[in-house]
Amino acid sequence: LERLVARIQRMATRAPDSAAVAAAAGAEYVKSILVTRHLNGQSIGRVDHALIGGWTVRQFASPPGAVLGTNVPYARAQEYGFRGTVQIRSHAKRNPFSRKVGEGRRSFTARRTRFQESAAGRFSVEVKAHARRMNLQPRSFLRNSIADAKPDLSRVVDSVWRRELAG
């Protein structure tokens, strides 16, 4: 991406505001590839899919550029992998409830709801705080998104820069 950075710096000598907008458009393009191709349909982390929706693009005017980032704490561990010990806080855990062989989704959901509303279903196990060893393999979703966007990135940045200059 060094050639693209040099091109944006050359654009900044003529129109710094337009160069910053063009750099942000390039980052938005990488973000769109990241979300649609590499994070789409994956179950990563928590249930709320924070890693999919938590990406932001910050635009800078001086020097002109943009940064694609996230504040999701486990994004770095997912991207580059992690091997080490983590501390698990104490928490309540429900009794396990699994689907019977051949049971449909609707009947399982109804049976699970009846169980959770019963006296036995209200019982939960208190798990004490403890340490856990993790060996998480890297999933290079951001680096792969940049590699996928590389062929079109110069075209996107140029077209946005020209549109900003004309408008």
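Buried means under 20% relative accessible area, exposed means over 50%, and partly exposed lies in between, using a 1.4 Å probe on protein chains only. V5 is partly exposed on this scale, because its relative accessible area is 43%. This is a predicted model: local features need pLDDT of at least 70, side-chain atom pairs count only at pLDDT 80 or more, and totals for chains, interfaces and linings use all residues. Residues are numbered from 1 along each chain as its sequence is written, and side-chain values use heavy atoms, with hydrogens and water left out.

**Helix packing**

- Two packed helices are described by the angle between their axes and the distance between the axes.
- Helix α2 (residues 16-38) packs on helix α7 (residues 141-166) at an angle of about 145°, and their axes are 7 Å apart.
- Axes are lines fitted to C-alpha atoms, for helices over the stretch in contact, and angles run from 0 to 180 degrees between N-to-C directions.
- Helices (H or I, at least four residues) and strands (E, at least two) are DSSP runs, numbered from the N terminus.
- The crossing of α2 past α7 is right-handed.
- The contact of α2 with α7 holds 18 nonpolar, five polar and four charged residues.
- Ala, Val, Leu, Ile, Met, Phe, Trp, Tyr, Cys and Pro count as nonpolar, Asp, Glu, Lys and Arg as charged, and the others, Gly among them, as polar.
- A crossing is right-handed if the near helix is turned clockwise from the far one by less than a right angle, and left-handed if anticlockwise.

**Largest pocket**

- The largest pocket has a volume of about 440 Å³.
- It has 19 lining residues, and L1, V5, A23, A27 and A66 are the closest to its centre.
- Two or more lining residues come from each of α1 (2-14), α2, β2 (65-70) and α7.
- The lining of the largest pocket has 16 nonpolar, three polar and no charged residues.
- A pocket is an open set of points on a 1 Å grid over the protein atoms alone, where a 1.4 Å probe fits, with protein on both sides within 12 Å along at least five of seven lines; lining residues have an atom within 4 Å of a point.
- Grid points are joined across faces, edges and corners, and a volume is the space filled by probe spheres set on the points.

**Second largest pocket**

- The second largest pocket holds about 340 Å³ of space.
- Its lining has 11 residues, of which Y74, A77, V86, M134 and L136 lie nearest its centre.
- α4 (75-80), β3 (82-88) and β6 (130-136) each give at least two residues to the lining of the second largest pocket.
- By class, that lining has eight nonpolar, two polar and one charged residues.

**Residues in helix α1**

- V5 sits in helix α1.
- V5 and G54 are 49 residues apart in sequence, and their C-alpha atoms are 25 Å apart.
- T13 is also in helix α1.
- T13 counts as exposed because its relative accessibility is 66%.
- A polar atom of the T13 side chain lies 2.5 Å from the backbone oxygen of R10.
- T13 and P64 are 51 residues apart in sequence and 10.0 Å apart in space, C-alpha to C-alpha.

**Residues in helix α7**

- D158 is in helix α7.
- D158 counts as buried because its relative accessibility is 15%.
- The D158 side chain makes a polar contact with the R7 side chain, at 3.2 Å.
- A polar contact is a pair of N or O atoms within 3.5 Å; within protein, one must be able to donate a hydrogen and the other to accept it, and residues adjacent in sequence count only if both atoms are side-chain atoms.
- V157 lies in helix α7.
- V157 is buried, with a relative accessible area of 1%.
- V157 and L68 are 89 residues apart along the chain, with C-alpha atoms separated by 15 Å.

- S62 and P63 are joined by a cis peptide bond, with omega about -10°.
- P63 is in the loop between β1 (55-60) and β2.
- R76, in helix α4, counts as exposed at 64% relative accessibility.
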